[in-house]
Amino acid sequence: MKNLFRAAGEGSPLVLLHAFPLSATMWDPNFTRLREGNMLVAPHLRGFGGSAAGTTASMDEMADDVAELLDALHIERAAFAGLSMGGYVALAMWRRHRARVSALVLADTRAAGDTAEQKAGRAVMAAEVMKGGAAVAVEKLLPKLLSAGASAAAKGFVSEMILANRPEGIAAALMGMGARADSTPLLATIDVPTLLVCGANDVITPPAEMREVAGKIRGAKYVELAGIGHLSNIEAPQVFSETVSGFLAERA
Ligand code: MLT
């Protein structure tokens, strides 16, 4: 496994899949709580956190990387928590490696693929990032990633994380997200315990869409976090971690 990753804790394996254009570092605010009773595995997805990527980093390739990492760690099955792009990868895990998935946490994400317009927008942004660097992603995305009420510390944490990524990795993930499959038909096949979490002020993957996704997964639990934006685990680390821990403990 080429990608760097961080692991901590003992207990049931929980794989944390990060958002775009961040890295596994985004789970730092949740690590202490989530490691209670869980063995955490937080990989840097392909192209992020110093890892390499080609011109496209597909969600399927990212999922296969994660399966490879689990092989290396001798982990047969795990719960997967993915936020936004991490949720796309979690759904790709379900599509490609479902025997390894014991539970799903889908946070601030969507099942649908991109529209032609969204896909074209991603290609434009990929070119801009390749020209102007990761700072372009900060400038364009930061106002959408966090709500207006987010702290200066949260903004600084997210900006720094984005700036630490290579433009090539950011561009490759943009192309990969644009090419991703529509996972909506998969939702009816999900038969493991599933939790959906969404910031009520999420403007990237809005609550209405998350609610619709929840309605298509048998027995799924849906939790909305008032006053919180897209990166809900960073804006509301305590309530996010409690919600995920509570769900995992109930399931056990
Ligand atoms: C993310 O937060 O991972 C991305 O904003 C998702 C996306 O652009 O579709």
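How many nonpolar, polar and charged residues does the shell around the ligand have? The shell has 6 nonpolar, 2 polar and 1 charged residues, where Ala, Val, Leu, Ile, Met, Phe, Trp, Tyr, Cys and Pro count as nonpolar, Asp, Glu, Lys and Arg as charged, and the others, Gly among them, as polar.

This is a predicted model, in which local features need pLDDT of at least 70, side-chain atom pairs count only at pLDDT 80 or more, and totals for chains, interfaces and linings use all residues. Residues are numbered from 1 along each chain as its sequence is written, and side-chain values use heavy atoms, with hydrogens and water left out.

**Ligand**

Select Ala19, Phe20, Ser84, Met85, Tyr88, Arg122, Met177, Ile204 and His230, the residues around the ligand (a heavy atom within 4 Å of it).

Next, show the polar contacts (pairs of N or O atoms within 3.5 Å). A ligand oxygen lies 2.7 Å from a backbone N or O atom of Phe20. For Met85, a backbone N or O atom is 2.8 Å from a ligand oxygen. At Ser84 a side-chain N or O atom is 2.8 Å from an oxygen of the ligand. The ligand taken alone exposes 270 Å², of which the protein buries 93% (Shrake-Rupley method, 1.4 Å probe).

**Cavity**

Now select Met59, Tyr88, Leu91, Arg95, Arg110, Ala111, Arg180, Ala181 and Ser183, which line the largest cavity (a set of points on a 1 Å grid over the protein atoms alone where a 1.4 Å probe fits but cannot get out; lining residues have an atom within 4 Å of a point). This lining divides into 5 nonpolar, 1 polar and 3 charged residues.

Technical notes. Polar contact = N/O pair within 3.5 Å; in protein donor to acceptor, adjacent residues only side chain to side chain. 1 Å grid on protein atoms, 1.4 Å probe; cavity = no way out; pocket = protein on both sides within 12 Å on 5 of 7 lines; lining within 4 Å.
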